[in-house]
Structures are given as structure tokens and as C-alpha cells.
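Dear colleague,

I am handing over the structure below, and my notes on it follow. Please read them with the structure open beside you.

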Amino acid sequence: MKKITTLLLIMLLIATVLAGCASNTGNHPAKDGTQGNKGGTHSDEGSGGAAKKQVKLQFSIWGNDAQKAMYEELVAEFKKTNPHIDVEIMTIPFADYQQKLSIMLASKTAPDIGWLAERMIPQFLESGQLVDIAASVKEDNEYDFADIYPSTLDIFSKGDSLYGIPFSTPPMLVYYNKSLFAEKGLKTPTELYKEDKWTYDEFLNAAQTIADPNSGVYGVKLVGDWKNWSDALLPLVWSHGADLFDADGTAFAMNTAEGQAALQLYNDLMFKDKTHPKPGDEITFDTGKIGMYTGRYSYVSKARAITDFEWDIAPMPEGTHGKGTSLGYAGYSVFETEHPEEASAFLKFITNATSMGVTSQYFVPSRKSVLESDVFLKAAPQPSAESIQLAVLDQMNDARIAPGHKNWQQIDVKIQTLLDYIYTQSESVEEVLSKMEAEVNSLMK
Amino acid sequence: MLRNEKWYGYLFISPMVLGFAAFLLGPILTAFFMSFTDWSLLRDISFVGFDNYKKAFADDPVFWETVGNTLYFSAGLVPLNLSLALGLALLLKKKLPGIDFFRTALFTPVVTSLVVWSIVFKYIFATDAGLINQALRILGLEGPAWLYHLELTMPVVIVVSVLKNVGLNMVIFLAALHDVPKMYYEAASLDGASRWKTLTNVTLPLISPSVFLALILTLIGSLKVFGQIYIMTGGGPGTSTYVLVYYIYQQAFKLYEFGYASAIAFILFFIVFLLTLLQWSVRKRWVHHEE
């Protein structure tokens, strides 16, 4: 008996030590790296006597590998003119991004510069953890600040101060499987749009025609990530004439007849028509088993890798109150850092016209000169310049940025939790909406 | 030179004691202090006395639901795990050809990463595309939404957790069974005891110290469940699989309420402490042959 206990204790100890090591190396590789490099460069300075102090910046993104590789090339370009600045790219998954960044800022281990999405900005702006870059960008003639669409800067502005530069403003659009549409002899969304007939009725009709439960083919998928209800549902809600919050952003506004109709439609797609994958099912558009997928323009980086079927993009369908196209939004901000100057210099470099031309292969640029240029329209063979014109450029004027709130995290968790009662079919849409109204309102004070 | 032997003793234990003090005791005491504040990343810290504890007990229905779910998880997992582990140990005790293969197969999940295990089972239990429901479809049945069902999801998580960890207790029981002297079984069979009687009157009393150890470890582990919940259900659907550690995680790292999260962590500490104390006190009644 003693032997076993001793053995177990030893095993337990080893396990604890291993677990400890793992989490240590897992959490702070970047930091250790920085310190190690700093040590190294200090000694270099001693012997060489470089003019500027070597600085290492950390740059956080939630992008995929292709986007990371693109930034690595931009960083190499940046180093040619700024040899004393190293930039390390750090990837944090989107679902954890805001919380991880908040914790890192509180513990002073945050990156120096990084991406922010519209829903994250109010919190960080409110807590004063973003650096004002207004002077740096506005007084630099070469940078050409006036080229950036002023409407895309509102969310980053507070008085005369400016806390970031947007780099991606992708409208929500429909990716459709051209091969499936051809197989069923359906008119494509692009054709219908040109005839001015691309409505939710046609959308639902196409979904039903394409769906084939027995072979696992679905007509439509609105959801990219089951934990991100707002991207999936806002266009549907808006196109039916409802809204998430009221005009002042002080109350939940979706508990109306229009809001009910929108959620009911979503519910029916999954459980009545069965043309939408079930909650939690992770089937993606690139498998070829989805007729239409509503996503952002940035998904083209994945779609371009598709080889076994043809696809294209089209605008969102027209509802009773317009298309309700939502505008995604991501920008770069400089966070509380010891190197605000170097970080601002890097921010300016990656948002200048040339760099934004490079990033426009994945991101809808916020600079007029880039958006309206061939660099963006002809960045890749697919989608065609015509489709980009129809589904992206022509939609920019009417598209809306999703609303934010400083308590977004709480509101997000609450709505996600309550939507589950629709997903489990245990409560009706009306019941869920009236619960949402009561509980979200108490979080908005 | 240190003359006194006692100093050597202190010297030898110092790495452990210092490490414990710096990385465990310190944070624990800090957390205890934090549980009396309203510290959040979004505002300045201030002392609020017992408000966090009051909120948990009186004003937060989700907290009570969370406590209920945690106890439900433990009540489901512990008996299932222990009885299955004992049954498997009894089956695998015999020295048969190829028996090592089965022992290894049953132990492998224990050394597999919990994250990998949970992700795989999340796919297996997916509603339309999942392995189980696909198999049911071949038989002409429509399976339920295992992970999107208010009553079914917790049992699914329990079963997945049992499959993951049953091997560890099985190994403990196997070792204990091998320690039982053969002569007791001979005596029992001479007295004409049935196999059931032999099990309840010979085997179980003789391995009771191991059962006790396994019980305490499994119970404490089950009260601290987090990984499989975080990955498979995210506390959902609704709040039906919110367990205490998940709730602590959510309050602290998603909603930034560190003060409230610390208070719940201490409530969990007392629950574990009390349950362990309770078992310790009734141990004398059923644990025999302790060395």
C-alpha cells in the first residue's frame, strides 16, 4: 500500500511540475524572447555603438497564417527604413482577443500595437489604454491622412484625439457555391441581384432547393462561429427593420414584431426547413456542402484555396427594410507602451497607401485611393472585379457598423446564453426576446 | 559549516517551501484579500467587506444553479467512475494472453490531453455531422442534439469525463488487488463463499484504503472540473453546464470581476474542504487494514 501511495505522490508531483512548465512556456514565450533579445542587443551596442536604441515591438492580430505571412513581409520592408525596430507578430484567436488583451494590459505584458474590432474599441477607449496618435498622423504630409474615409474614423475619435486607424471595413456578403446553383438549375444571386430580384424570398427558395439532408448538403449558413451571434444575426435583424440597441445605445431594442420575425426566420431555417446546419455543427463553406454562406470579405483568403467547386460573391438579399448589410470593422491601435514613438511609426507604415495596397488582398481598405484602384479590384483572380464592385464597393454607402457598448462582454455573454434556449428548442422566440430585453437592459445602465 | 542537523533538514525542504510560499500560498492569500474587494479591470479597486459573499448567496441565482450543476456532475461522475474502474480492474486482474493490450488501451485516455479528448468528443456528439448521430441515421433513427439539450448535455459530459479518467482508478485498483494475499480467497472458497460474497467480504475490505484514496482524489477532481466543460459546452446550453470553476473563469477573465470571482473560488475551497473532512471522519467505519 505504501509503495502505491509513494508512487502516486511522485506521479502527482511530476504532473504538477510538468503542468507548471507547460503553462509557463505557453504563456510567456514572447516575453522571454523580448528580454533575451534585449540582452543581446545591449551587448551589440557596446561594441558597435549604434545610433538608435534597438527596440522590439509586439504586434497582435487574430488573423490566419496567410495574413500573418503577409505581415511578416511588410515587417521586413519596414526594417529596411527602420533597422532599429524589430516587430514580432502575435496571434490571439478572435474569441479570446478582447479578454486576453484586457488581462495583458492590466498585467503590463500587452503588445505595443495591435488589431481592434469595433466591439472592443469602446471598452479600451473608456479605460484610457490607447495612445492618441492624432498629431503624428495629421501633421505628416507624406502620410496623406485626408485619403482615409472620415466616416471610418468616428469610432476611434474622441474630440480632437484619434486612437487608431482602420484597415479593414468589409461589408457582410453572400458566398455562394456556383456549382450547386448550376446543378439545381437556379439563377445565381448575382444574376438575381442584377435583375433587382435578390430578396429574402429568393434566398429562402434557393436554400430549400439546394438543401439535401440525406447527403449532408445545406442550403444556407449564416453562422461563422457559434459563439459570435452578432456577426451572424445583425444583417438579418436590420433587414427586417429591427435593431439591437435603441438610437442612444441605452436600451435593448430587438423585442419588437420585426425582431421576432427575424429570429423566427433564423429558428425556422434550422428546425423547420432544416436548411441550416444545427447549432454547434462546424461544417464550413469550403467543404462544398453549403449553398450560401454569409460572411465577411476577409473570408476570401480561405475561399481562394477552394479547388473542387466554383464559387462567387454577391450582396446580401433585400429584406422588408433594405439589405441590412453590416460593416465589419478592424483597426490598428497603439496600446499603453514604453515605445509609443516606434509603435506609431510602425502603425503609420502599415496604414500608408502602399502597405494598404498589400493588405487589400484580404481586407477592404479604408483609403479612398486604394479602394478605388485596380490594386484592390484585381488583387487575385477570384472573386472577379465585377463581383467585388457589386458586393463590396456598391454596398459601402448603406452598410452600417455594428453597435458597441462599454459593457459589451457582459451583454455578449447574456445574449449568447439566452439564444441557447432557441438552439435547444426549449423556449419560443417571443419568450427568449422578452428575457433578453429584461436582462440586457439591466446591463446597459 | 552547519553543525546542527536540523539546518540540513530546513535546507533540503527549502526549495519546496519557498516555491509553495511564492507561487501558491502568496496568491491564495492575495485571492482571499481580493474576495473582499470589488476589483475589476474596468474600475478602481475598493474594499466592500462581505458584499461579494452576500451577492453570491442572496442575489445571484446563477451562482446557486452553478453549485447545483457542480454537485450533479460529482454525483454522476464519482460512483460511475469508481464502479467502472473496480469492475474493469477485476476483469483485467487475471493473467491472460493479450491482457496487457487491454490494460494499455484503457489507460491510454488518461495520458491523452484533456483538450484533444474533449474536442474529439465534441465532434462525435455533434448534432447532424457527429459520429453517433450518423450511425443512428444508418439505423433509421434520428439522434438528439446531444450538446444542445438542457437535460442531456450534462450526462454526456459526465460520460466523456468518466471514459477519460477511469483508467487511473483502474490502475490503482489493479495494484491493490494484486496485494491481496491468495490465502484469503482459498479460505473463502473452502468455506463455500459465493463469488459475490468473496467480493464484498474479502476483496473490498482488503482494498478499502485504495478505494478511499481513489474516492477522495476523484471527488476533488470532479468538483474542480473545467477543461471538458470549457471546450465541449462553454457552460451551455443556457446555463445548464455552468460549474463552479467555469463560473469563476467567466467572472474573472471574461467579465473582469476579479473580486467576485475570488469570493466564489473561496466558496469552492470550503465546499471541497468540508467534503474531504466529512469523508475523513467517516473513514474509520469502512476503511480497514490501513498500515
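A salt bridge is taken here as a side-chain nitrogen of Lys or Arg within 4 Å of a carboxyl oxygen of Asp or Glu. By that rule, the interface of chain B and chain A holds 1 salt bridge, in which the side chains of Lys278(A) and Asp128(B) meet at 3.5 Å, N to O.

This is a predicted model, in which local features need pLDDT of at least 70 and side-chain atom pairs count only at pLDDT 80 or more, while totals for chains, interfaces and linings use all residues. Residues are numbered from 1 along each chain as its sequence is written, chains are lettered from A and ligands numbered from 1 in the order in which they are written, and side-chain values use heavy atoms, with hydrogens and water left out.

In the interface, 38 residues of chain B are in contact (heavy atoms within 4.5 Å) with 32 residues of chain A. The two chains bury about 2900 Å² between them, 60% of it on carbon and sulfur atoms, where buried area is the accessible area (1.4 Å probe) lost on putting two parts together, summed over both. Tyr148(B), Lys254(B) and Tyr256(B) supply 21% of the area that chain B buries against chain A, more than any other three residues.

Chain A also has an open sheet of 4 strands in the order S8-S9-S7-S10, with mixed pairing; strands (E, at least two residues) are DSSP runs numbered from the N terminus, and two of them pair if DSSP finds at least two bridges between them. Strands S8 (218-221) and S10 (311-314) of chain A stand at the edges with a single partner strand each, so one side of each lacks a neighbour in the sheet.

Best regards
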